[in-house]
Amino acid sequence: MLGERDRAVLDALLPPGGPEGLPGAFEAGFEEFERGFRADAPATMRLGWRAALLVAAWISPLLIRRLPPLDRLSADEREAALEAMGKSRFHLIRQVFLLLKAVTSFGYGSTPAVRRAVGYDAR
Amino acid sequence: MRVDGAKGERFDEVFDYVVIGSGAAGATAARALAGTGRSVCVLEEGPAVDPAAFGADSWGAFRSMFRDANGQIATGRAFMPVIQGRVLGGSTVINSAIAWRLPDDVFAEWAALGLADALPPKELHRYWDEIEKDLSVAATPVEAWGSFNTLMRDGARRLGVEASPTRRYASGCGGTSQCLTGCPSGAKRSMLTTYLPQAESKGAVIVTGAEARRVRIVDRCAVAVEGKLSAPGRPSFMAKARRAVIVAASAIQTPQLLARSGVRSAHLGHHFMAHPGTPLTGLFDAPANLWRGATQGFDSTHHRRDYRVKIETIGLPPEVVFARLPGAGRRWKERMALAKQTAIFAVQTRAWAEGTVREGPFGALIRYDLTRRDMMQIRRGLRFAAELLFAAGAREVWPGIHGLPEKLLPGEAHRLEAGPDNPGSYSWILSHLFGTARMAAHGSAGVVGHDFAVHGVPNLVVADSSVFPTNLGVNPQHAIMAVARLCAERLAERTR
């Protein structure tokens, strides 16, 4: 189950509102996908996902010279901290960020609301 | 006959031939051997997925049809996802169904390695003629191009370079960009819908949910395959082989299986070669609709010989596209909103690098590191791909490369050629895997001989791309199928 801190990470990664009527992660129903992911994904992938959420919560603030955890920061700072993961000079941190985005994308991008918003009709 | 190991169904029989793996190599070999009237058993580790159940859900497809849910990784200076199917029909179910005959220059390289008689071009071309008829190979039809494939044609025309619609195993492709999830429209002619049912109709027994763990070898003779079913409790099975065991489990699984079976060779699991690929995203003013069109419907081999690269279009569903878009939070969503205006051209290189594959505690340990020469090829290829995108009308190119700007503007493609040398700065996909049980006349130089048999075990043959002495520079399914057919026919002749 996603904890409050995990939810803060995902909310910063895909916040509500924005262009083209794209919903936020939780508005799109990401939590349901995540439950299924934890039940079905291979153990190494589940472990990677948990590690990615932890790194995002506890390491990313340090990359913008703020004290962790992420949920102590303002909305703008949270986004900046996550962005910094993607630009980190450390390959491992960039890979962890990619994994965070990949798993989030699988759940988010396959929801009807998101597909509708970006004009994808799976035939 | 089908046997579902996931339900614990048994098949304790003796077969003339036991084939391990049901992908391009295994299915082709099984069909050819079943055609001789002898009994054949095909063992597939993954499940049988009903084509009617193919959908548009990428994660669902990864979970049910990809090895490690597409989480298999090669490690080195970069982490590279290694894409493999783990399903009845193997990677042919989830690939883009591209058919390339082996280029003449690759044949020449193989001949220089002493393999002209073992892998004769004339025979392989004869098989390709047949396979192309069997599997409806044709250039991607115009109606399945969609916008993003057409953009490569436009860019190539403006640059005056070569690009063409890919030749694929498909009949009536609807251009749904869903090759990855198995082709819900049923157009793809994978092994699942062609050679496997044909082998079955000739009497082959096809067992799914059956992981081959080792080949039992007694007095230099392969006598059985032992393994575990995927049913609860993982019950054991043994498939006995009267004449031969054919290993067609892929360049990742084959060396591990042979090593577990007691095969010893300094070359086993070494010489691992591949075609690493990295994508480039172009932003256009008008929709490029990268989720509407044949998945890899167009390619350019203009620089196949000099830069050793091939450029391919890629159509993907949103959930796969989004992960690679830059940014987080609102900026990520802004990019998502632009996704329908993007097209992706991927650069795939015929790398010089050789890696290793061995068994680890949690699966295959794949070690692979690109060389400086490979990185130079890739950077040149990326520049060329960016030039194609700009020539097609892209207003921006998003490299996704650490150390380069997030976007490049027209006139800035050259910056890609001067990009970082560290593979860790790029995002990769590793596909097309070769060489881990390479063919050579003598055991001192390879794992299998010219008759495809493991040196020292005449009735244990390897039929997949593990035996290839080099990588190819083009998509390998066609070469794998023809070589597997050759292997099976020689084996049938030898074990008459």
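# A walk through chains A and B

The buried residues of helix α1 of chain A pack against α2 (30-40), α3, α5 and α6 of chain A, where a residue is called buried if 20 or more other C-beta atoms lie within 10 Å of its own, exposed if 12 or fewer, and partly exposed in between, with C-beta atoms placed from the backbone. These buried residues of α1(A) are A:Ala8, A:Val9, A:Leu10, A:Ala12 and A:Leu13. Helices (H or I, at least four residues) and strands (E, at least two) are DSSP runs, numbered from the N terminus. The model is a predicted one, in which local features need pLDDT of at least 70 and side-chain atom pairs count only at pLDDT 80 or more, while totals for chains, interfaces and linings use all residues. Residues are numbered from 1 along each chain as its sequence is written, and chains are lettered from A and ligands numbered from 1 in the order in which they are written.

Where chains A and B meet, the contact takes 34 residues from chain A and 32 residues from chain B, two residues being in contact if their C-beta atoms, placed from the backbone, lie within 7 Å. On the side of chain A that touches chain B, the elements that give two or more residues are α1 (4-13), α3 (43-58), α5 (75-87), α6 (91-109) and α7 (112-118) of chain A, and α6(A) gives the most, with 9 residues. The residues of this side divide into 17 nonpolar, 9 polar and 8 charged; here Ala, Val, Leu, Ile, Met, Phe, Trp, Tyr, Cys and Pro count as nonpolar, Asp, Glu, Lys and Arg as charged, and the others, Gly among them, as polar.

Turning to chain B, its secondary structure comes to 12 helices and 22 strands, and its C-alpha trace spans about 65 × 45 × 45 Å along its principal axes. The radius of gyration of chain B is 22 Å, which agrees with the value near 23 Å that a compact globule of 496 residues would have; this radius is taken over C-alpha atoms, and the globule rule is 2.2 Å times the number of residues to the power 0.38. Buried residues make up 60% of the 496 residues in chain B, and among contacts in this chain with a separation of 6 or more, 75% are between residues 24 or more positions apart.

Chain B is divided into domain 1 (2-48 + 87-97 + 100-134 + 190-271 + 435-494) and domain 2 (138-180 + 274-431), with bounds that come from an automatic or database domain assignment. The centres of the two domains of chain B, taken over C-alpha atoms, are separated by 31 Å, and 16 residues of domain 1 are in contact with 22 residues of domain 2. On the side of domain 1 that touches domain 2, the largest share, 4 residues, comes from helix α7 (residues 250-260) of chain B, and the residues of that side divide into 6 nonpolar, 9 polar and 1 charged.

The largest nonpolar core has 213 residues, of which B:Val19, B:Ala29 and B:Ala463 touch the most other members; such a core is a set of buried Ala, Val, Leu, Ile, Met, Phe, Trp, Tyr and Cys residues joined through C-beta atoms within 7 Å. Helix α12 (residues 477-494) of chain B gives the largest share of this core, 11 residues, and the core draws at least three residues from each of domain 1 and domain 2 of chain B. Leaving aside neighbours within four places in sequence, B:Ala463 is in contact with residues including B:Ala29, B:Ile246, B:Phe452 and B:Cys487.

Among the strands of chain B, β9 (residues 205-208) pairs with two others, where pairing requires that DSSP finds at least two bridges between the strands. Strand β1 (residues 2-4) of chain B runs parallel to β9(B) and is joined to it by 3 bridges, with B:Val3 partnered by B:Val207, while strand β3 (residues 40-43) of chain B also pairs with β9(B) in the parallel sense over 3 bridges, and there B:Leu43 has B:Val207 as its bridge partner. In a regular strand the side chains alternate between the two faces of the sheet. In β9(B), B:Val205 and B:Val207 point one way and B:Ile206 and B:Thr208 the other way, and all are buried.

Elsewhere in chain B, strands β10 (residues 210-218) and β11 (residues 221-229) pair in the antiparallel sense over 8 bridges, and they form a hairpin with 2 residues between them, where B:Asp219 in the turn has a positive phi of about 50°.
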